[in-house]
Amino acid sequence: MKKYLLLLFVLILPLLNFAQETTSEKIDNAFKKYTGWFVEGIFAEIPFGEINEEVTLDLTKTDPFKYNKKTENDSIYITEIRLPSNRIATEIDILSDNNLSVRDKNSIVFSEKELNSNQSITIMATSPYASIPWVLIVLVGGALFFTIYFKFINVTGFRTAIKVVQGKYEDIEKHGADTLYGDSTPNEGGDIIETIRDEGADGEVSHFQALTAALSATVGLGNIAGVAVALSIGGPGATFWMIVAGLLGMASKFAECTLGVKYRDVGEDGTVYGGPMYYLTKGLKSKGMGGFGKVLAVLFAIFVIGGSFGGGNMFQANQAAAQFVKLFDLEGGNAGLYFGLVMAVLVAVVIIGGIKRIASVTEKIVPFMAGIYVLAALIILGANFTLIDDAFGLIYEGAFSGLGIAGGLVGVMIQGIRRGAFSNEAGVGSAAIAHSAVRTKYPASEGIVALLEPFVDTVVICTMTALVIVITNFDGSFMEYGVEIKEGVELTATAFDSVIPHFSIVLTIAVILFAFSTMISWSYYGMQGWVFLFGKGKASDLAYKILFLIFVVIGASISLGAVIDFSDAMIFAMVVPNIIGVILLSPIIRNELKKYYKAINVKEEAIEEGADDMNEVL
C-alpha cells in the first residue's frame, strides 16, 4: 500500500508545479477546447416543427437573457437571440431598414458607427417548435420498451425486490431451488439437477452489498447539485419529469443488470468481470451477431472509462471541493487543487483493494450518509408541512406549462429527464458492472434488486431535494427560476441552512462522503472497461488507478461548467451501445425472469406443503 501511495505522490507532484505556473482557469479553457466537439455531438438536438416570431431588439442594452453580444475585429456580433417563447433563433431576417447585415443565418453583424445610429432592430426569427437531444430519445425510448416488454416490472417486481434484499430467497440463490426442494427433473442438458447444483453460487458480494455499491455510484451529487441545476433551468416542473425518468428507469436497470450477471466472467481466484462489455460480446454472439457485439462492447468500454473520469470522478471532486472551499472561506486559486490531492489519497486507499473492499466501505457509508440527508430533508418538510401541497402544485403546474429558460414544455421535460438520467444512470449500463459481482445462481434475482436503485435515487431522494428547495424558496427567494446557476451544491446548502442553521457544515460532510463513495464505485466501473480493452493483470490495473486518481485532482481544480458538460456527454454516450444490445437480448432476459419466478414458486410451494403436513400431524 505504501509503495502505491508513494508512486501516486510522485506522479501528481508535477501538478503542484503546474499550479504555481498557471491557474485553474487555464486548465478549464484547455479542457473545454479538447472536449467541446464531443459534448456538442452527444447532445446534438433533433428539431421538430418550426415557429416564426417577430422580435424587436434594443441594441443599447446588453441583456444576456435576450441575446449574446460580442466584439471581434472592430465588428459587433449579436448572436444566440432568445425569442419570447424562450427558444433560440436558428434563422433571422431583418425587417427594419437599418442597413445591417445577417451572417451565418442567425447572427447580426455591424460596426460601432452603425450601432450608434441604430437604437433598435426588428427581425423575423425562425426556430424549432421543439428540439430534443437524440441521445435522450434513445434513452427514454429504451426505458419505455423495457417497461412494456417486461409487463411493468418496475411495479410488479417491487415487493419481490424488497424480499430479495432482505435475504428471503438467499438459500435458493446459493444452491438452486431444485437442489434444496427435491425436484429431480433433468435440466436442459439431461443431467439430474441434484448431482450438479450442490456447489455454492459464484460471486463476490451479497445482494445488499451489490445494491449499495451501485447506489453509491448513483446516490450522490446528482441528487444535490443536479436537482438544483435542473430547477434553475427548467423551474419546479423539472422535478415531475425527474420522477418519470426514475420510474421508467427501473425497467432499464432491471434488464441490464440481469444480463450483467448472466454473461459475467469469473476468474480462477473468484474475481468477477462483468458488465455491458461482456453481455454485448457473449450475448450477441449467441444470437449470431458476434462482430456487431464486439464493436458495441469496445465502444462501451471506451465510454465507461471516460465516464469514470468525468461524471464518476471529476464532477464529484469538483462539487465536493466547491462546498469545502466555500464553507471554510478558503482563499487562493489553488485551494481546490489541494483538496483534490487529499481526496485522491483517500480514494487510493480504498480502490487498490478491489470490489470487495469497495463493497465493504459503501455498505457502511451509503446508508449512513443517505440517512442523514433524508432525515434533514424530512425535518424541513415537517416544519413546513402546510406548504408541501403548494410545492407539489407548483411542480405539477410547471411540468406542463414550461417555467424557466428551458424553452417551454419540451425544454422542461428534457431538463428533468436529463438530470434524472444523470442521477440514476438507468440505461447507461454502468450499474450492471457492480451488480454482476453478486452471489447468485439466478441472474434475474439481481435484476429485480437493481430496479430499486432508480426508485431510491430519483423518486425518493431527488424529489425530497426538490421539495426542500421549492418550499424554502417561497420565503427565502434565493433562487430565481429561469436563471441558470453555476454552483448547484451551494444553492442546496442555502435551502437547508434557511431552516436548519449551520446545516451546511453537515451537508459538506455528506457531500464529501457522497463524492467519495461515488468515486470509488466508478473507479471499479472504469477499471472493468480498462481491463476489457487492455487485458487483466496488476500492471494494467495499476495504470488505470493512477490515471483515475490524477483526474480526481484535475476535477477539483476546474469549473463546474466544463466538468458537467463532459460528464453528461461521456455517461450519455454509454447509453447508445448499451440500449441497442439490451433490446436485442430482451428475450433472454425474459427467460431468466421466468426461471427465477419459477424457483421462488418451488420454494413457496414446498414451504406451504410442509406447513400443511405439519398441520395434519398436529
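Thr-258 touches Pro-443, Ala-444, Gly-447, Ile-589 and Glu-592, leaving aside residues up to four places away in sequence. Contact here means heavy atoms within 4.5 Å. Thr-258 sits in helix H12 (residues 238–262). Helices (H or I, at least four residues) and strands (E, at least two) are DSSP runs, numbered from the N terminus. Thr-258 counts as buried because its relative accessibility is 1%. Buried means under 20% relative accessible area, exposed means over 50%, and partly exposed lies in between (1.4 Å probe, protein chains only).

The model is predicted: local features need pLDDT of at least 70, side-chain atom pairs count only at pLDDT 80 or more, and totals for chains, interfaces and linings use all residues. Residues are numbered from 1 along each chain as its sequence is written, and side-chain values use heavy atoms, with hydrogens and water left out.

The protein has 27 helices and 11 strands. Of its 618 residues, 54% count as buried. The protein exposes about 26000 Å², and carbon and sulfur atoms supply 59% of this area. Accessible areas come from the Shrake-Rupley method with a 1.4 Å probe; for residues, only the protein chains shown count as cover. Among contacts between residues at least 6 apart in sequence, 82% join residues at least 24 apart.

Two packed helices are described by the angle between their axes and the distance between the axes. Axes are lines fitted to C-alpha atoms, for helices over the stretch in contact, and angles run from 0 to 180 degrees between N-to-C directions. Helix H4 (residues 134–149) packs with helix H26 (residues 575–584) at an angle of about 25°, and their axes are 10 Å apart. H4 is therefore roughly parallel to H26. Angles under 35 degrees count as roughly parallel, over 145 as roughly antiparallel, 65 to 115 as roughly perpendicular, and the rest as oblique. H4 passes H26 in a left-handed crossing. A crossing is left-handed if the near helix is turned anticlockwise from the far one by less than a right angle, and right-handed if clockwise. On the H4 side, the contact residues are Trp-134, Val-135, Val-138, Leu-139, Gly-142, Phe-145 and Phe-146. They meet Val-575, Val-576, Ile-579, Val-582 and Ile-583 in H26. By class, this contact has 11 nonpolar, one polar and no charged residues. Ala, Val, Leu, Ile, Met, Phe, Trp, Tyr, Cys and Pro count as nonpolar, Asp, Glu, Lys and Arg as charged, and the others, Gly among them, as polar.

Lys-151 has a positive phi of about 55°, although it is not a glycine. With a relative accessible area of 67%, Lys-151 is exposed. Phe-152 is found in the loop between H4 and H5 as well. Phe-152 also has a positive phi of about 55° and is not a glycine. Phe-152 counts as partly exposed, at 45% relative accessibility.

Helix H13 (residues 276–286) has eight of its 11 residues buried, so it is largely enclosed by the rest of the structure. Among them are Tyr-278, Tyr-279 and Leu-280. Just after H13, Gly-288 takes a positive phi of about 80°.

Helix H14 (residues 290–327) packs with helix H15 (residues 335–351) at an angle of about 120°, with axes 9 Å apart. H14 is therefore oblique to H15. Their crossing is right-handed. Ala-317, Ala-320, Ala-321, Phe-324 and Val-325 in H14 meet Ala-335, Gly-336, Phe-339 and Met-343 in H15. This contact has eight nonpolar, one polar and no charged residues.
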